[in-house]
Amino acid sequence: MFGRAQSNSSPRKVQRSMSSHAGPTPFHRRVSYIPRDAREWRPQFKWHWYDNQGSYNQWFDWLPLWMRVGYWSPVAVLFIVGFYASMYRYKPSPLEFAITATDDVGFWADCAIFAWGIIVVVKARYSMGAIAGFWISYTGWSWGILTFRAGLEAAAKMLGPSRPELAAKLAVWGSSLRFPAAVAAFVTFTIWNFLLFPVIYFFSMPPGEKRQNFLKFNFGFFMTNIHGLNLPMAIVNNVW
């Protein structure tokens with residue numbers, strides 16, 4: 001998941017535990033990816049990749065250091081490799097999907113989801129400034145896969161009569177993303193709304209203005225779409 005940092009927020013220094021094995025890795029650096037004083041198009045919001053002890057905006061200071069910073073667990077690496085390898089190994093063979101007509105409900109649903117997915121990201125880019133961190137988050141991948149799949153399905157149906165070979169390939173690519181899009185949307189919706197949001201709100205945010213700002217941000221246009229409407233959109237995209 002990801003969050004937004006206001007310009008007046010500055011990560012405070014936290015003492016690193018000498019007994020911890022935490023340290024710089026390819027996924028955690030001691031220095032900033034983006035200089036602190038870098039000028040931005042819209043400076044009111046700023047993405048941070050600082051050495052903040054794994055506590056973005058100090059939201060996760062209440063967690064032990066070893067849970068926030070350190071090397072990747074070999075179990076996590078094996079799981080990621082095994083997950084995608086099994087998806088490829090057990091895919092249907094031959095991988096063929098029928099192309100439906102453009103006058104059905106599914107075509108217009110795909111068009112609407114594809115267009116709305118782009119509109120949400122473009123609006124966020126112009127209203128919030130840089131959102132590069134969104135695309136390296138699980139939420140960003142979930143939204144991107146859902147939008148991309150809807151676009152592929154709509155294009156396949158549109159090109160079916162005139163370019164059947166290309167349409168067949170697009171249909172295969174789009175239908176291959178059906179399960180990943182559905183799972184990613186379900187995981188994003190449930191983990192954020194029923195686990196991360198309550199934990200951050202009640203345990204990480206102090207009562208007062210900071211908690212109210214986080215609540216307002218969570219129910220803003222962008223967050224409501226990527227953490228709330230993503231699951232209904234994925235259901236519609238998968239049913240039709």
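1. The accessible surface of the chain comes to about 14800 Å², and 68% of that area belongs to carbon and sulfur atoms; such areas come from the Shrake-Rupley method with a 1.4 Å probe, and for residues only the protein chains shown count as cover. Of the 240 residues, 36% count as buried, meaning under 20% relative accessible area, with exposed over 50% and partly exposed in between.

2. This is a predicted model, in which local features need pLDDT of at least 70 and side-chain atom pairs count only at pLDDT 80 or more, while totals for chains, interfaces and linings use all residues. Residues are numbered from 1 along each chain as its sequence is written, and side-chain values use heavy atoms, with hydrogens and water left out.

3. The chain holds eight helices and zero strands, where helices (H or I, at least four residues) and strands (E, at least two) are DSSP runs numbered from the N terminus.

4. Among contacts (heavy atoms within 4.5 Å) between residues at least 6 apart in sequence, 71% join residues at least 24 apart.

5. The axes of helix H4 (residues 138-159) and helix H8 (residues 221-239) come within 11 Å and cross at roughly 30°; axes are lines fitted to C-alpha atoms, for helices over the stretch in contact, and angles run from 0 to 180 degrees between N-to-C directions. Residues of H4 including Trp143 and Arg149 take part in the meeting with H8, whose residues there include His227 and Met233.

6. Phe83 lies in helix H2 (residues 74-89) and is partly exposed, with a relative accessible area of 32%.

Terms used:
Buried < 20%, exposed > 50% of the residue type's maximum accessible area, 1.4 Å probe, protein only.
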